Amino acid sequence: MTDTQKETHREPRYMLVWLWLLILTVLELVAVYLRLPRGIFVTVLVILALMKAALVAAYFMHLRFERLTLVFIALAPLIFGVILLVGLMPDSLWRIVH
Amino acid sequence: MTDASTAKDRVVESEWGGGRSPLNVSWNKLMMWLFLISDALTFGGLLGGYAMLRMASPPGSWPNQSEVFTISLVAVMTFILICSSVSMVKALSAIRHGNRSGLRNFLALTILGGLAFLGMQAYEWTKLITEGMSLRGNPWGAAAFGPTFFTTTGFHGLHVTGGVILLSIVLIKGLRGRYSVERNEGVELVGLYWHFVDLVWILIFTFLYLL
């Protein structure tokens, strides 16, 4: 009984992904160096970090080529993370005031 | 045309295949994914706690990371981990094409990357601890700075260490010829774990060191 599910797609260009990860990392460091206003800085870094994470998940962890259900399962912690942060906000604000 | 499908074939080919689960991955791979997701939630808890404690600190009391940390060193650590993910994926690609020496070489490179990362992390920790940073306080600002940093990076470092051990086991098995074009799931799974460790570091690097 052999596993008949073979890789039917072309292998991703791993070095291209690596290059983009490098570029995005450099952009993050540039953003730090530029001393941007806090709000913009946070937004830019979060977006860059998520892009890097998405590249690793999609191409290295192969999610780009898996069933969409598995992708959604893998994305679930991100949603819970946002819920966690939103849920903790009142505590943070309380601590500042008191 | 002979009807060669047995009952089992029909089950396997159905939408909820049973033979290949509805997600079209093996049980081993699915279990690794579920473990990674639970681990992601754990790290999410640590990062959420960090966010909350930092936001709850008096405004301006959080130490300036670019003054406390050697950001250039940490950037190199990030780069090394990314490179080790590439070598990991190349190791899997090699054994999928039957290239045993490629598997061995790329796995070895991945392990070296992990060890280099751990060494640099240990160096940074030592420097910070000798400067007075601990779980209880630090000389630069908010008291929560120390515990949030050490627990998060420490937990991650533990994962890297475990990963290096796992990679070494897979390398030894590879040297003994246990993997082939058809049988390489162990390599794939350890790769998934290693990419996860890299992914978490990407987030830690951004939120703990840069922001």
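This is a predicted model: local features need pLDDT of at least 70, side-chain atom pairs count only at pLDDT 80 or more; totals for chains, interfaces and linings use all residues.
**Exercise 1. Describe the fold pattern of chain A and decide how spread out the chain is.**

Step 1: Count the elements. Chain A has three helices and zero strands.

Step 2: Read along the sequence. The pattern is α-α-α.

Step 3: Look at the spans. Along its principal axes, the C-alpha trace of chain A covers about 65 × 30 × 15 Å.

Step 4: Of the 98 residues in chain A, 14% count as buried.

**Exercise 2. Find the domains of chain A and state what separates their centres.**

Step 1: Take the bounds. Domain 1 of chain A covers 12-65, and domain 2 covers 67-98.

Step 2: Take the centres over C-alpha atoms. Those of domain 1 and domain 2 of chain A are 21 Å apart.

**Exercise 3. Work out how helices H4 and H5 of chain B are oriented to each other.**

Step 1: Locate the helices. In chain B, H4 is residues 71-96 and H5 is residues 100-130.

Step 2: Check their axes. The axes of H4(B) and H5(B) come within 8 Å and cross at roughly 160°.

Step 3: Apply the cut-off. Angles over 145 degrees count as roughly antiparallel. H4(B) and H5(B) are therefore roughly antiparallel to each other.

Step 4: The crossing of H4(B) and H5(B) is left-handed.

Step 5: Sort the contact residues. Between H4(B) and H5(B), 16 are nonpolar, seven polar and three charged.

How values were computed. Residues are numbered from 1 along each chain as its sequence is written. Chains are lettered from A and ligands numbered from 1 in the order in which they are written. Axes are lines fitted to C-alpha atoms, for helices over the stretch in contact, and angles run from 0 to 180 degrees between N-to-C directions. Helices (H or I, at least four residues) and strands (E, at least two) are DSSP runs, numbered from the N terminus. Angles under 35 degrees count as roughly parallel, over 145 as roughly antiparallel, 65 to 115 as roughly perpendicular and the rest as oblique. A crossing is left-handed if the near helix is turned anticlockwise from the far one by less than a right angle, and right-handed if clockwise. Ala, Val, Leu, Ile, Met, Phe, Trp, Tyr, Cys and Pro count as nonpolar, Asp, Glu, Lys and Arg as charged, and the others, Gly among them, as polar. The radius of gyration is taken over C-alpha atoms; the globule rule is 2.2 Å times the number of residues to the power 0.38. A residue is buried if 20 or more other C-beta atoms lie within 10 Å of its own, exposed if 12 or fewer, and partly exposed in between; C-beta atoms are placed from the backbone. Domain bounds come from an automatic or database domain assignment.
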